[in-house]
Amino acid sequence: SISALMHKDVKAADRMISSLGDLLRMSITAADVHEVTLKHELEFLDKYLEIQKIRFQGQLSVTTTVEPEMLSAVVPYLFLQPLVENAIKHGISKRTDPGTINIDVGAREGRLHLRVTNDGSPPDSMEPNGKSGFGLSNMQARLQSLYGAHQHLQVQHLPDHSTQVEIAIPLRLSLQEQNGHESSAHKLSEQT
């Protein structure tokens, strides 16, 4: 994408390189952690989306709805970006018209619920029997490893042809974030 942009829009290619550098720095900084705050995860996702928005040149819009108190929730490191990448790859990139990805995060009954929905056609990686593709299978295995039976991942193809992935994990809040201190990463603690 950067190579193609260099010949059409040098400023956009420059912004893309800058965002890619930021993304790589963020991933290296927290390379040895298992969990981060949702705030940190959303900051990482923003850098990824900056690149994608340049790439899709106005064809991609993203809406994020997060209950403010959930920003201090502890989540698996780099779990949101692959879900959004899936939504782009299997939904938005197949469209000829603009597409939207909706990200909704909230809490119910002591669990953190996260939904990523794209308004594109159902992904090719989803088989008719409901089995998920490689990326979602890896995500399921990772959630199982971190939370055991206390997690849930569900993929739904909705009647309007949108695809929704919903994840529920135990709700734990970072005390450091609650007390107003920046915390970029948290080591996985013993749980379950």
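Strand β6 (residues 152-157) pairs with β7 in the antiparallel sense over six bridges; strands count as paired if DSSP finds at least two bridges between them. Helices (H or I, at least four residues) and strands (E, at least two) are DSSP runs numbered from the N terminus. His-152 has Ala-168 as its bridge partner in β7. Five residues lie between the strands in the hairpin of β6 and β7, where His-161 takes a positive phi near 75 degrees.

Strand β7 also runs antiparallel to β5, to which eight bridges join it. Pro-170 in β7 is the bridge partner of Arg-111. Seven of the eight residues of β7 are buried, so the strand is largely enclosed by the rest of the structure. Buried means under 20% relative accessible area, exposed over 50% and partly exposed in between, with a 1.4 Å probe and protein chains only.

## Basis of the model

This is a predicted model, in which local features need pLDDT of at least 70 and side-chain atom pairs count only at pLDDT 80 or more, while totals for chains, interfaces and linings use all residues. Residues are numbered from 1 along each chain as its sequence is written, and side-chain values use heavy atoms, with hydrogens and water left out.

## Nonpolar core

The largest nonpolar core has 36 residues, of which Val-84, Ile-101, Ile-103 and Val-116 touch the most other members. Such a core is a set of buried Ala, Val, Leu, Ile, Met, Phe, Trp, Tyr and Cys residues joined through side-chain atoms within 4.5 Å. Elements giving two or more residues to this core include α3 (38-56), α4 (80-90), β4 (99-108), β5 (111-118) and β7 (163-170). Helix α3 gives the most, with six residues.

Beyond its neighbours within four places in sequence, Val-116 is in contact (heavy atoms within 4.5 Å) with residues including Leu-80, Val-84, Ile-101, Ile-103 and Val-165.

## Aromatic pair

The structure holds one aromatic pair. The ring centres of Phe-44 and Tyr-77 are 6.5 Å apart and the planes are at 65 degrees, so the pair is edge-to-face. Rings of Phe, Tyr and Trp (its six-membered ring) pair if their centres lie within 6.5 Å; planes under 30 degrees apart count as stacked, over 60 as edge-to-face and the rest as tilted. Phe-44 counts as buried at 5% relative accessibility, and Tyr-77 counts as buried at 6%.

## Confidence

The protein chain averages a pLDDT (the predictor's confidence in each residue, from 0 to 100) of 80, and 78% of the residues score at least 70. Over residues 122-131 pLDDT stays under 50.
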